[in-house]
Amino acid sequence: MHDIVLEQLDQYRFKIPKSYKKGMRVDGIIYADNKLINDIKRDNAFQQVANVAFLPGIVKNSLAMPDIHWGYGFCIGGVAATDPENGGVISPGGVGFDINCGVRLLKTNLYHSDIKTKTAAIANSLYQNVPSGLGSKGKIKLTFSDERKLVVEGAKWAVKRGLGENNDLECCEENGAIAGADPGAVSKRAYERGKQQVGTLGSGNHFLEVQVIDRIFDTDKAKILGLEEGQITVMIHSGSRGFGYQVCDDYIKVMLGCLSKYNISIPDRQLACTPLNSKEAKQYLGAMNAAANYAWCNRQVLMHLARESFEKVLSSSWQSLGMKLLYDITHNIAK
């Protein structure tokens with residue numbers, strides 16, 4: 001393999017030409033600046049950008065966002081579109097193991113000056129109230145029947161049980177539940193792993209963070225959102241926990257067994273995939289949507305626990321503290 005030569009298209013885009021590797025169907029495009037690109041070269045994640053360009057039916061480019069680093073099949077920050085009318089495929093590795101890992105942001109009407117003497121108490125309350133760490137278990141115990149309903153209803157499942165309000169759903173991508181979830185496409189093992197993990201943060205890069213706005217870049221948009229310097233916000237980063245991990249693991253194995261069936265050749269087995277119109281792809285998408293809805297429900301419950309923690313320390317309702325959801329956006333999903 002010859003050395004990578006990245007062609008700089010403009011200030012923030014670098015191209016991997018499809019001539020880099022025989023079999024690439026499209027160019028790779030990396031969004032970065034000159035400082036970031038040097039780190040990217042050392043990490044070798046650009047090789048995964050090139051590998052994704054092999055996928056059948058890929059449209060226009062294999063893309064990588066500025067957070068690019070080495071991942072599973074796809075680089076972290078990798079994005080691709082495939083065309084079902086032109087042999088397009090779905091790859092569970094491309095979506096990732098933590099299906100619908102995403103970020104949720106709450107604003108408050110509090111300012112740093114309001115809580116600076118209570119930060120330790122808030123932190124302790126959050127630690128006590130929000131289960132975190134590897135294999136953590138939540139306060140909500142689910143039956144198999146509960147889980148099957150939850151993975152269809154998503155965040156709405158929690159709201160219906162008093163763990164939030166309908167306005168929360170309006171600020172979620174897909175209103176907190178994507179259509180097309182198929183509870184029957186999920187394995188018994190995935191349900192088993194998920195039944196005690198709703199309302200748990202997990203480990204790794206997941207977090208629940210109390211934040212202070214220290215700089216405003218766009219005053220007009222900040223005003224629309226009701227955000228000001230010095231204001232307190234709460235950010236939650238978590239996903240579908242063991243439930244989503246198991247869905248991905250199950251379907252990577254399925255699709256590895258299908259490569260020869262569909263005559264698909266890929267440079268990395270972690271990119272195992274099947275055509276979007278295949279039976280296996282439809283089953284995976286049904287299970288993936290179920291895991292996505294599990295994640296939205298999980299973040300809804302985590303938000304409820306955070307609101308409870310603030311209520312306890314500040315002796316005020318979360319409504320009077322202005323703890324409104326601004327947005328919930330996913331970054332590990334296929335649509």
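I take axes as lines fitted to C-alpha atoms, for helices over the stretch in contact, with angles from 0 to 180 degrees between N-to-C directions. Helices (H or I, at least four residues) and strands (E, at least two) are DSSP runs, numbered from the N terminus.

I note that this is a predicted model, in which local features need pLDDT of at least 70, side-chain atom pairs count only at pLDDT 80 or more, and totals for chains, interfaces and linings use all residues. Residues are numbered from 1 along each chain as its sequence is written, and side-chain values use heavy atoms, with hydrogens and water left out.

**Entry 1: H6 and H12**

I looked up helix H6 (residues 144-153) against H12 and found axes that come within 7 Å and cross at roughly 90°. H6 and H12 are therefore roughly perpendicular to each other (65 to 115 degrees; under 35 is roughly parallel, over 145 roughly antiparallel, the rest oblique). Contact means heavy atoms within 4.5 Å. On the H6 side I listed Glu147, Leu150, Val151 and Val152, which meet Asn289, Ala290, Asn293, Tyr294 and Cys297 in H12. By class, this contact has six nonpolar, two polar and one charged residues. Here Ala, Val, Leu, Ile, Met, Phe, Trp, Tyr, Cys and Pro count as nonpolar, Asp, Glu, Lys and Arg as charged, and the others, Gly among them, as polar.

**Entry 2: H5 and H12**

At what angle do H5 and H12 pack? I read about 135°, with the axes 9 Å apart. H5 and H12 are therefore oblique to each other. The H5 residues in the contact include Ile122 and Leu126, and those of H12 include Leu305 and Phe310. I counted the classes of the H5 and H12 contact as seven nonpolar, four polar and two charged.

**Entry 3: the largest pocket**

On a 1 Å grid over the protein atoms alone, a pocket is an open set of points where a 1.4 Å probe fits, with protein on both sides within 12 Å along at least five of seven lines; lining residues have an atom within 4 Å of a point. The largest pocket holds about 1,400 Å³ of space (grid points are joined across faces, edges and corners, and a volume is the space filled by probe spheres set on the points). I found 49 lining residues, with Gly94, Val95, Gly96, His331 and Asn332 nearest the centre. Strand S5 gives the most to this lining, four residues. The lining of the largest pocket divides into 22 nonpolar, 22 polar and five charged residues.
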